[in-house]
Amino acid sequence: MVDTVGMRSDDLHALLAEVSRELVRISIEDRQGVISLPQTYPGGSAVVVRMRPDGEDYIVTDNGLGFVEADHLGGSAIYARIAPATAKVHGVRYDGDMMFAAQVPRDWLANAIVFVSSASRRAVEATAQKLAEERDNETRARFRARLAEAFPGEAAFGVPFVGRSTKEWHFEAIVRLKGHAALFDLVTPNHVSVASSIVKFQDVVRLEDGPRGIAVLVDRKHMDAADITMISEAASSVVTLDASASALRKAA
């Protein structure tokens with residue numbers, strides 16, 4: 001950390017100028033100004049905006065980079081639906097390829113750069129979120145079909161269950177069998193999903209005459225070994241999403 005106590009104003013100004021140059025990188029390409037901003041798309045690439053003179057004003061665009069980033073995620077069609085409304089919210093426009101602001105006067109240029117970059121980044125973020133939701137829905141549908149096959153007419157989905165703490169938890173499914181019940185929870189490699197499942201299983205499995213807790217790993221190969229160990233200690237059984245009907249019955 002830089003200690004600024006006792007620094008002269010001109011020294012502090014020089015430091016701020018140096019930091020600002022590190023945050024924002026500029027260059028000239030094809031007679032256009034290129035500004036790399038301290039923002040990133042979900043894939044990790046920097047948000048880059050281009051500007052060029054247009055008579056007495058300027059045109060500011062993301063040069064279609066937002067669309068390219070969304071396409072890399074496999075969500076170009078989703079981006080095309082999201083981008084027009086996102087552009088409007090940020091006070092810019094979308095032409096089917098680029099986020100842009102036209103007829104930008106010099107005194108509004110900095111604002112236009114911020115608005116175009118924010119619209120481009122936000123549209124890609126919304127695309128990534130929508131893709132994640134669609135994947136979650138597909139995963140949930142696969143799991144429910146597998147559970148319905150393993151326990152015909154015995155599985156209920158999206159159920160609440162009160163744990164030892166008296167807190168109500170939500171599980172993906174419950175199967176009520178002779179003498180006991182089994183709660184199933186989908187677990188992704190995301191640390192929030194892992195932590196949530198551990199806490200839920202710890203609270204319900206330790207109830208007197210409590211249910212069995214079955215952790216269903218959505219993507220085991222991308223999970224940390226330590227996370228799997230902790231889940232195994234909290235849950236009664238751990239299975240994978242592609243577990244057979246017989247494996248599911250055995251776990252329950």
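This is a predicted model: local features need pLDDT of at least 70, side-chain atom pairs count only at pLDDT 80 or more; totals for chains, interfaces and linings use all residues.
Residues are numbered from 1 along each chain as its sequence is written, and side-chain values use heavy atoms, with hydrogens and water left out.

The largest pocket holds about 420 Å³ of space. A pocket is here an open set of points, on a 1 Å grid over the protein atoms alone, where a 1.4 Å probe fits and protein lies on both sides within 12 Å along at least five of seven lines; lining residues have an atom within 4 Å of a point. Grid points are joined across faces, edges and corners, and the volume is the space filled by probe spheres set on the points. The lining of the largest pocket is made up of 21 residues, and those nearest its centre are Asp 136, Arg 140, Leu 186, Thr 188 and Val 218. At least two lining residues come from each of helix H4 (109-150), strand S8 (168-177), strand S9 (180-187) and helix H5 (191-205), with H4 giving the most, namely seven residues. Helices (H or I, at least four residues) and strands (E, at least two) are DSSP runs numbered from the N terminus. By residue class, the lining comprises six nonpolar, eight polar and seven charged residues, where Ala, Val, Leu, Ile, Met, Phe, Trp, Tyr, Cys and Pro count as nonpolar, Asp, Glu, Lys and Arg as charged, and the others, Gly among them, as polar.

On the surface, Val 19, Leu 23, Val 24 and Ile 26 form a nonpolar patch that has about 350 Å² of accessible area together. Patches are made of residues with over 30% relative accessible area and no salt bridge, like charges being joined within 9 Å and nonpolar side chains (Val, Leu, Ile, Met, Phe, Trp, Tyr) within 5 Å. Accessible areas come from the Shrake-Rupley method with a 1.4 Å probe, and for residues only the protein chains shown count as cover. Leu 23, one of the patch residues, is found in helix H1 (residues 9-23) and is partly exposed, with a relative accessible area of 48%. In these terms, buried means under 20% relative accessible area, exposed over 50%, and partly exposed in between (1.4 Å probe, protein chains only).

The structure holds six salt bridges, a salt bridge being a side-chain nitrogen of Lys or Arg within 4 Å of a carboxyl oxygen of Asp or Glu. In one of them, Glu 29 pairs with Arg 50, and their closest N and O atoms are 2.8 Å apart. Because Glu 29 lies in strand S1 (residues 25-29) and Arg 50 in strand S3 (residues 46-54), this pair ties together parts that are 21 residues apart in sequence. Glu 29 is partly exposed at 36% relative accessibility, whereas Arg 50 is buried, with a relative accessible area of 15%. A salt bridge also joins the side chains of Glu 172 and Arg 144 (3.1 Å, N to O); Glu 172 lies in strand S8 and Arg 144 in helix H4, so the pair ties together parts that are 28 residues apart in sequence. Of these two, Glu 172 is buried, with a relative accessible area of 9%, while Arg 144 is partly exposed at 30%. The side chains of Lys 200 and Asp 185 likewise meet in a salt bridge (3.0 Å, N to O), which links distant parts of the chain, with Lys 200 in helix H5 and Asp 185 in strand S9, 15 residues apart. Both Lys 200 and Asp 185 are buried.

Turning to the backbone, Asn 63 has a positive phi of about 55 degrees although it is not a glycine. Asn 63 lies in the loop between strand S4 (57-61) and helix H2 (65-72) and is partly exposed, with a relative accessible area of 41%. Thr 166 also has a positive phi, near 75 degrees, in a residue other than glycine; Thr 166 is placed in the loop between strand S7 (155-162) and S8 and is exposed, with a relative accessible area of 65%.
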